[in-house]
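Have the structure open as you read.

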Amino acid sequence: MTDSKNFDVIIIGGSYAGLSAAMALGRSLRNVLIIDSGLPCNRQTPHSHNFLTQDGKTPKEISTLAKEQVEKYETVKFHNGLATGGIKSVSGFEITTDMQDKFTAKKLIVATGLKDLMPAIKGFAECWGISIIHCPYCHGFEFRNQNTGIMANGSKALHLASLVYNLTKEVTILTNGKADFNLEQLEKFNKHHIKIVETGISEIEHENGQLKQVIFNDGDKMNFDAVYAAIPFEQHSDIPLSLGCEITEQGYIKVDSSQKTTIEGVFACGDNSGMMRSVANAVYSGNLAGAMVNGLLSAAAF
Ligand SMILES: Cc1cc2nc3c(=O)[nH]c(=O)nc-3n(C[C@H](O)[C@H](O)[C@H](O)COP(=O)(O)OP(=O)(O)OC[C@H]3O[C@@H](n4cnc5c(N)ncnc54)[C@H](O)[C@@H]3O)c2cc1C
């Protein structure tokens, strides 16, 4: 931690996006504070994939190495805790934490990620990221050619099915209620022998997160090796909203191509502001946000 309370930049969220922004800023000699509550969205997944040089590592291994590398830049400080409030001040921003610390900075980067909202199905949360997965690019290869369910409905189910069918031909769609497909979509599923089950799901039977069976409300059971699930999410932090940042219809913080939000001086990066949910994208957008903020500070001082 640090004795100083005033920084060039505060980054809320110290996972992949926040650390990446911090590296760009630390290498630019900026005084940076990272406030992080230590709850990245992928913390339960045993192996992270599809990020060059780190394929198959645990999420923790990747973030620990990233933090070690960022910590080498002496102008970057860390504060473990939850940022609970943020206000715009004359000189920038004032951020409050759950322990009532107050920090100020000229610019703010929010790298706070998303909070996935688990459905009220027994066993679902325990399997999340292990055998109930969100993304074919992250985990699809590991479950290739295996018996796979897709827990989704409507166009989301169609999109996922087209990606998953490329990896396995054993695909069943679980709509967990009345199916919502048009004729064209149904024809596609038929053509690929993809079954649709509408019965509500009551339980996911599993062993240490490894799915065994999906149990339906009528008592029927189906075995699967993996299930993809498209579940709702919300912003992890309400600070961007309270500062006035616009949120898109899909629930992301609205940013332009330089990760700038609709509020002057506030940038967002990582999952909270883009649909491409991956470590690679978090690192990319964090790096961009860091560079853009440094560019603004440099221009203002020049
Ligand atoms: C189950 C699962 C498995 C995944 N597997 C893969 C994979 O294999 N490969 C891949 O590339 N991607 C994977 N992803 C996606 C990847 O994990 C995310 O894209 C990535 O973690 C986004 O990084 P981020 O920094 O934006 O957010 P996160 O990693 O979610 O981190 C956000 C950070 O902000 C902190 N935070 C939030 N609010 C506050 C606050 N108010 N104050 C202080 N700190 C705060 C949180 O505690 C957290 O540390 C997976 C996602 C999930 C859900």
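The ligand is surrounded by 37 residues, the closest being Ser15, Asp36, Ser37, Leu39 and Asp271; a residue counts as near if one of its heavy atoms lies within 4 Å of the molecule. Bear in mind that this is a predicted model, where local features need pLDDT of at least 70, side-chain atom pairs count only at pLDDT 80 or more, and totals for chains, interfaces and linings use all residues. Residues are numbered from 1 along each chain as its sequence is written, and side-chain values use heavy atoms, with hydrogens and water left out.

By class, that shell has 14 nonpolar, 19 polar and 4 charged residues, with Gly counted among the polar ones. At least two shell residues come from each of α1 (16-26), β2 (32-36), α4 (136-139) and α8 (279-301); helices here are DSSP runs (H or I) of at least four residues, and strands (E) of at least two.

| Residue | Polar atom | Distance to a ligand oxygen |
|---|---|---|
| Ser15 | side chain | 2.7 Å |
| Tyr16 | backbone | 3.4 Å |
| Gly38 | backbone | 3.2 Å |

Taken alone, the ligand exposes 1,000 Å², and the protein buries 99% of that (Shrake-Rupley areas, 1.4 Å probe).

On to the cysteines: the whole structure has 0 disulfides (cysteine sulfur pairs within 2.5 Å). For Cys138, the nearest cysteine sulfur is that of Cys135, 3.3 Å away. Cys138 is buried at 10% relative accessible area, where buried means under 20%. For Cys245, the nearest cysteine sulfur belongs to Cys269, 12 Å away, and Cys245 is buried too, at 3%.

Key:
Polar contact = N/O pair within 3.5 Å; in protein donor to acceptor, adjacent residues only side chain to side chain. Buried < 20%, exposed > 50% of the residue type's maximum accessible area, 1.4 Å probe, protein only.
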